[in-house]
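Please examine the structure before consulting each solution.

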Amino acid sequence: MKQIILIAVIAGIAALLPFVIGDSPYFIGVLISVLMMAALSSAWNILGGYAGQYSFGHAAYFGSGAYTTMILISKFNFNPLVSMVAGIIVACIIALITGSIVFRLRGHYFGLASIAVAEIVRLSALNFDFTGGAQGILLTDVTLWGLDLNSKIPFYYGMLLVLVLTLGITLYLRTSKTGFYLQAIREDQDAAASLGINLSFYKNKALLISAALTSVLGSLYAVYIRFIDTSAVLDLRLSIEIILTAIIGGVGTLWGPVLGAVLLVPLAEILRSNVIGDALVKHGVVSETSGLGVFLKENLAHAHVLVYGIITVVCILYLPKGILGFFRRVK
Amino acid sequence: MLNIKNLNAGYGEMPVLKNISITIAEGEIVSVVGSNGAGKSTLLKAISGLIKSKGIITYNNESLQALPAHAIVQRGIIHVPEGRKIFPEMSVIENLIMGGFLQRTDRKENMEKVFTLFPKLADRRNQLGGTMSGGEQQMLAIGRGLMGNPKLLLLDEPSLGLSPLFTEVVFTAIQTINKSGVTVLLVEQNVYQSLNISNRGYVIEIGSIVLTGTGEELLNNQDVKKAFLGM
Amino acid sequence: MFFLQSLLSGILTGGVYALAGIGMSLVFGVMNISNFAHGDLMMLGMYLAYFAFTLLHIDPYISLLLIIPTAFLFGFIVEKVFIHRIISHPHQNQILLTIGLGLIMSNTALLAFTSDPKILTTSYSSSAVHILGGISLSVPLLLSFTITCGITGILFLFLSKTTTGLALWATSQNREAAQLMGINVAKMSAIAFGLGTALAATAGALIAPTYYIHPMAGHTFLLKAFTICVLGGLGSVVGAGVGGIIIGIVESMSSTYLSSDWKDVVVFIIFLVVLLLRPQGLLGKKGEQ
Amino acid sequence: MIQHLLHINHVSKHFGGNVAVSDISFSVDEKQIFGLIGPNGAGKTTLFNCISGFYPVTSGDIIFDNKTINNLRPDEVCHLGMARTWQRVKPLGSLTVLENVMIGAFSITNTTREAEEIAMEQLQLVGLTDFSKKSAGSLSIGLKKKLELARVLATHPKMLLLDEICGGLNHTETDTILAIIRDVRYKGATIVFIEHDMKAVTAVCDWIVVLNSGEKLAEGTPEVITRNPDVIAAYLGGGHNA
């Protein structure tokens with residue numbers, strides 16, 4: 001009950017945010033990224049955090065949603081919502097195939113196999129014609145119920161809605177039979193099986209829920225950006241970013257992925273938009289024309305992935321249970 | 001030679017050994033007998049540094065607990081583990097070379113000694129360890145231990161899973177090894193045979209020593225039988 | 001003729017893949033860690049060869065004499081500073097740590113060398129020898145393959161004939177028993193990671209003359225190296241060698257008879273089929289269960 | 001009328017060339033406390049793994065409650081009413097004691113509330129009520145064994161397979177567990193009991209089968225078994241009779 005109220009309060013605050021910060025497309029854009037990563041990571045968390053099945057290939061489901069939606073809208077003029085549902089179906093089919101392969105494997109092999117499946121999906125999208133190949137797919141125009149889809153606001157609320165839905169599902173699972181069973185599987189598969197848990201049924205269930213939610217986010221993202229290619233929606237980097245967000249916040253906790261996204265996405269944004277470099281130049285700390293100034297200006301934008309790497313290493317070595325896990329232990 | 005006092009050890013937060021005290025004098029064969037899960041293997045692992053322990057373990061008046069496993073081997077304490085744990089993809093010779101990892105100068109000489117003790121190993125010198133029978137693997141495991149010039153040999157259930165014939169061979173070999181000047185700490189479920197060749201013995205039950213005496217005393221003690229058969 | 005051409009160039013490329021696979025398998029065998037930084041270590045080898053060539057004017061094949069010890073030392077230090085702390089952690093943490101290290105390496109390279117691809121052109125880069133009439137074999141590939149065979153041979157002798165080599169091998173078979181032999185397994189892990197790094201960097205240097213050199217170049221090879229390891233049986237050095245050649249041939253054949261766009265898909269499908277049907281690898285022995 | 005609840009019919013289990021269990025047959029009657037004993041490596045746990053669906057048998061049949069269960073998965077075997085514990089306890093470490101037992105209870109109910117009720121009952125039965133909110137990983141070995149027992153009892157099994165449930169426990173703890181087992185049998189369950197330590201077995205079992213090197217060595221009442229010279233030899237080492 002406490003958690004439901006917490007979700008409602010946070011969602012309420014988030015819903016009011018656009019009114020507070022005004023209609024700055026830049027800030028709304030950053031907030032959309034935060035909400036999306038929080039939702040992606042929470043969706044991954046259902047499978048990775050609760051069931052303990054570390055999928056390294058979640059980009060495949062994000063990409064299925066994005067590609068299905070874009071193809072159906074741009075080539076067949078489908079309604080965006082219908083194409084989103086179609087995306088869910090495609091993602092679930094890929095999830096079922098993946099599940100039938102990877103869930104037979106344990107340990108090292110599971111992670112490797114999930115990457116291999118995702119890479120097959122990525123390379124297929126890159127090589128087929130109907131997916132636009134390396135060019136990707138561009139969407140020129142899209143309409144839904146007269147909403148202004150050129151504004152970012154509908155997508156802000158869309159992402160928020162999916163995040164709340166994902167957290168709600170996580171909370172429901174956590175307090176129901178399925179959630180208990182998933183955690184039992186994470187802790188000890190043999191013990192779980194001996195207590196009457198059908199391992200492959202419950203693992204697939206978690207995967208399907210997780211994949212469907214991830215696919216919805218992919219659809220939303222695609223219509224929001226209106227351009228996708230394999231490096232944007234199917235790359236291994238995306239899968240890894242999703243996991244890192246959960247790890248840094250705290251795997252297997254309700255709020256960990258959200259916390260991870262709130263911390264990481266703005267950090268990446270600051271580095272990407274070179275706020276630090278600009279500030280240093282502006283305040284005269286570094287001269288724009290000096291060697292360092294030029295270097296900062298040209299390269300700091302690339303540094304966000306480097307910082308991700310450093311945070312990951314520090315986190316695994318010193319906070320393997322994430323920030324929430326750390327505080328839980330201290331408490 | 002080896003002095004263990006109030007030893008506590010276990011895995012993670014799970015204690016297995018509770019205040020164990022054991023002494024071994026030079027030249028002895030000492031057995032620790034007890035049923036499954038009593039803590040026998042844990043005791044040997046604590047001595048050889050595979051697991052951390054609290055209490056006192058001194059070897060020739062030097063504490064062993066701060067030393068890493070390989071430094072303990074260097075001091076001549078050689079642990080032949082339960083289940084033999086030979087290197088399956090290595091030949092007999094290569095397994096023996098590994099046993100003499102720290103004793104490279106006497107390698108040839110020691111290998112000859114092992115082959116004299118277990119002629120069967122000499123016949124199979126190029127066979128892969130993983131393809132040998134349980135009894136042969138046990139000989140190899142003991143032989144591998146001897147390659148390290150042991151002063152104190154820790155043997156963990158050498159008769160486990162062996163036929164009576166092989167058990168006999170192994171126990172005879174242990175006596176021969178002992179006569180050549182090696183002190184032996186033997187951990188066994190095979191109560192009669194191990195106590196029979198031992199100078200002294202300890203009976204361990206649920207992580208504590210419950211009985212001690214000479215081999216003969218324990219053999220004739222009705223309590224020992226009771227401890228194992230519950231009669 | 002096509003077939004033979006395809007087969008031979010497959011074997012030549014496969015040789016270098018094998019080197020990358022062997023390095024990864026060695027690390028896996030001794031430390032039981034899937035090293036996701038392996039591709040990035042290859043990338044470092046490519047840059048080392050590139051800078052040795054452009055700055056010091058050393059032929060890439062000669063520069064191996066410098067690259068191998070440098071990479072070994074680098075790997076040894078990385079193990080001592082980072083990897084050894086997580087050796088008994090859950091798999092996913094090990095994977096994530098090595099992913100993090102890989103990200104640091106590739107993105108440091110990105111900052112330092114920019115994303116512009118570099119090309120290492122030697123006088124013989126595009127020359128080829130012709131045999132049996134129509135079959136042409138690229139000189140750099142032929143040289144790489146010869147060096148690969150040499151290095152693999154030396155490594156094999158090291159592992160099977162020297163005491164340190166045997167100790168490494170023993171550690172990979174049974175870590176606890178190795179400890180009981182007096183083998184310092186922590187040191188063995190560092191040596192294994194050093195060797196793995198040296199092999200990855202060597203593979204990188206060997207392909208440098210025939211590939212674009214850029215900071216993200218390692219990623220393609222990472223997954224290939226995993227496929228090779230799984231094919232040969234994780235931890236098996238000989239298996240990885242064979243696995244590398246097989247992958248080389250499969251790629252080359254798929255390019256010839258299917259399309260070069262789909263060669264990686266074929267490789268991954270084979271990877272999954274092997275995982276499902278023979279998780280112990282083509283050459284691996286069947287385990288307990 | 002007495003009925004065989006479990007029937008083991010010429011069961012063998014090979015691992016590669018290793019014969020772990022060789023042509024074993026016996027039957028367990030309803031409401032019996034049945035002991036399966038033998039020295040280390042005799043094949044007891046392997047046989048348990050076959051019965052509970054973790055290993056396929058190489059040959060032979062396992063019939064439980066008139067159904068052949070050889071080819072069932074562990075979770076299917078559990079749903080037929082057979083539950084097992086583990087020699088090396090397998091607590092679901094980061095869950096609480098109560099949650100562990102609830103996982104067992106979920107095999108007979110779908111609602112969290114009912115699962116919690118059933119779990120609390122079982123915790124009371126084994127005397128773990130005070131620990132219900134503790135994390136399972138933090139318990140001592142004795143309490144972990146009790147937890148395993150409570151967890152399988154929560155599945156309301158017809159038959160319990162207990163693998164060294166008293167191993168590593170002190171006498172008081174062993175006595176408590178044995179008392180619980182007697183109680184459970186009194187309530188109608190059948191119990192198959194693997195134990196290395198013969199004391200515990202002879203104290204509670206109605207019938208005992210002795211395994212040695214994968215084969216059946218003897219079978220009978222505790223009195224008969226403890227006097228059997230072959231059994232004594234198997235336990236204390238060959239050659240000597242005392």
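**Exercise 1.** Determine how many helices and strands chain D contains, and state whether its radius of gyration agrees with that of a compact globule.

*Solution.* The model is a predicted one.

Step 1. Chain D contains 9 helices and 10 strands.

Step 2. For 242 residues, a compact globule would have a radius of gyration near 18 Å; chain D has 18 Å, and therefore the two agree.

Step 3. Along the principal axes, the C-alpha atoms of chain D occupy a box of roughly 55 × 40 × 40 Å.

Step 4. Of the 242 residues in chain D, 57% are buried, where buried denotes under 20% relative accessible area.

Step 5. Consider the contacts in chain D between residues at least 6 apart in sequence: 65% of them join residues at least 24 apart.

**Exercise 2.** Describe how helix 5 of chain A and helix 11 of chain C pack, giving the angle and how far apart their axes are.

*Solution.* 

Step 1. Angles over 145 degrees count as roughly antiparallel. Helix 5 of chain A and helix 11 of chain C are therefore roughly antiparallel to each other.

Step 2. The crossing of these two helices is left-handed.

Step 3. The residues of helix 5 of chain A in this contact include L112(A), V117(A) and E119(A), while those of helix 11 of chain C include D264(C), F268(C) and L272(C).

Note on methods. Residues are numbered from 1 along each chain as its sequence is written. Chains are lettered from A and ligands numbered from 1 in the order in which they are written. This is a predicted model: local features need pLDDT of at least 70, side-chain atom pairs count only at pLDDT 80 or more; totals for chains, interfaces and linings use all residues. Side-chain values use heavy atoms; hydrogens and water are left out. Axes are lines fitted to C-alpha atoms, for helices over the stretch in contact, and angles run from 0 to 180 degrees between N-to-C directions. Helices (H or I, at least four residues) and strands (E, at least two) are DSSP runs, numbered from the N terminus. Angles under 35 degrees count as roughly parallel, over 145 as roughly antiparallel, 65 to 115 as roughly perpendicular and the rest as oblique. A crossing is left-handed if the near helix is turned anticlockwise from the far one by less than a right angle, and right-handed if clockwise. Contact means heavy atoms within 4.5 Å. The radius of gyration is taken over C-alpha atoms; the globule rule is 2.2 Å times the number of residues to the power 0.38. Buried means under 20% relative accessible area, exposed over 50%, partly exposed in between (1.4 Å probe, protein chains only).
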